[in-house]
Amino acid sequence: MINVLISGALGKMGKKVYDACILSDKVIPVCGVDLKDDFSNNSYPVYSSFNDNIIAEMVDVVIDFSSPANLNNVLNFCLNKKIPAVLCATGYSQNDVEKIQNASKQIAVFRSGNMSLGVNVLIDLVKKATKSLEGFDVEIIEKHHNQKVDAPSGTALMLAEGVKQVNPEKYYVYGREGICGKRDKNEIGIHAVRGGGIVGEHEVIFASGFETITLSHLATDRSVFADGAVKASIYIADKKSGLYNMSDVINGK
């Protein structure tokens, strides 16, 4: 069995991860960390910080669904204890990305802007479509709930990066307003919608003068992301240092 520490344990996703761990026959949630001060109704130990009270010897993997502001705490804990980290937050800065890359030289780090297996299959399909649909305009529309703080979503950027990997001449345009001129053939238009309780919707539109192809993914429950995080923790538990993502899980690398 793999002993997991859940960072952001009392948040919506932290609770979903706990439930996913309970349903798994390979993972046990042994403790959690959360800044919230209400630890009274938890079925496992939850601490307010990565402190010495945590029995680190019992933790095999950290799953972090907190925020980029907590990155240093997560990485320092994992580096000190030489255990893998599954990073599920979005909105990392370039400086954060560099810290993650440096940490991956010493420990195994799993990072994905979206933990859904389906979304990562969508990214592979987008790459294939980009190769086949040369000359098509590419537009990405992402929709999320009104509490999401970063835009565009990490998933939208992953989809756009999939296009750029095939065609490096492409570049991002974040929304459009006013008289912005005719659309350049190398633009990847990225548009963010925020409203209500939308869990997550992503569309990638390939449009020519005569036809339109749309590839899309709809998440109806946050459990899909928690399930992916648990799968990632199982995958990375015995891996050597390095930077891993959901594509490695899908392709069995």
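Let's start with a pair of helices: α2 (residues 71–81) and α3 (residues 94–103) pack at an angle of about 5 degrees, and their axes lie 11 Å apart. That makes α2 roughly parallel to α3 (angles under 35 degrees count as roughly parallel, over 145 as roughly antiparallel, 65 to 115 as roughly perpendicular and the rest as oblique). This is a predicted model, where local features need pLDDT of at least 70, side-chain atom pairs count only at pLDDT 80 or more, and totals for chains, interfaces and linings use all residues. Residues are numbered from 1 along each chain as its sequence is written, and side-chain values use heavy atoms, with hydrogens and water left out.

**How α2 and α3 meet**

- On the α2 side, L71, N72, L75 and L79 meet D96, K99, I100 and A103 of α3 (contact means heavy atoms within 4.5 Å).
- Sorted by class, the contact of α2 with α3 has five nonpolar, one polar and two charged residues (Ala, Val, Leu, Ile, Met, Phe, Trp, Tyr, Cys and Pro count as nonpolar, Asp, Glu, Lys and Arg as charged, and the others, Gly among them, as polar).
- Axes here are lines fitted to C-alpha atoms, for helices over the stretch in contact, and angles run from 0 to 180 degrees between N-to-C directions.

**What each of the two helices buries**

- In α2, the buried residues are L71, V74, L75, F77, C78 and L79 (buried means under 20% relative accessible area, exposed over 50%, partly exposed in between, with a 1.4 Å probe and protein chains only).
- Those buried α2 residues pack against β1 (2–7), β4 (61–64), β5 (85–87) and α3; helices (H or I, at least four residues) and strands (E, at least two) are DSSP runs, numbered from the N terminus.
- Over in α3, D96, V97, I100 and A103 are buried.
- They cover an arc of only 125 degrees around the axis, which puts them on the same side of α3 (the arc is that of the directions from the helix axis to the C-beta atoms).
- The cover over the buried residues of α3 includes α2, β5, β6 (108–111) and β12 (242–244).

**Helix α4, one face in and one face out**

- The 16 residues of α4 (residues 117–132) should span 22 Å at 1.5 Å a residue, and the end C-alpha atoms are 23 Å apart, which agrees; the expected span is 1.5 Å times one less than the number of residues.
- Buried in α4 are V119, N120, L122, I123, V126, A129 and T130.
- Seen down the axis of α4, these buried residues fall within an arc of 170 degrees, so they line one face of the helix.
- On the other side of α4, you'll find K128, K131 and S132 exposed.
- The buried residues of α4 pack against α5 (154–166), β10 (200–207), β11 (212–219) and α7 (246–251).

**Backbone spots to look up**

- K82 sits in the loop between α2 and β5, and has a positive phi of about 55 degrees although it is not a glycine.
- At 55% relative accessibility, K82 counts as exposed.
- A cis peptide bond joins A151 and P152, with omega at about -5 degrees.
- P152 belongs to the loop between β7 (137–144) and α5.

**T212 and its surroundings**

- T212 is part of strand β11, and its 53% relative accessibility means that T212 counts as exposed.
- Leaving aside neighbours within four places in sequence, T212 is in contact with I205, F206 and A207.
- T212 and I107 are 105 residues apart in sequence and 44 Å apart in space, C-alpha to C-alpha.
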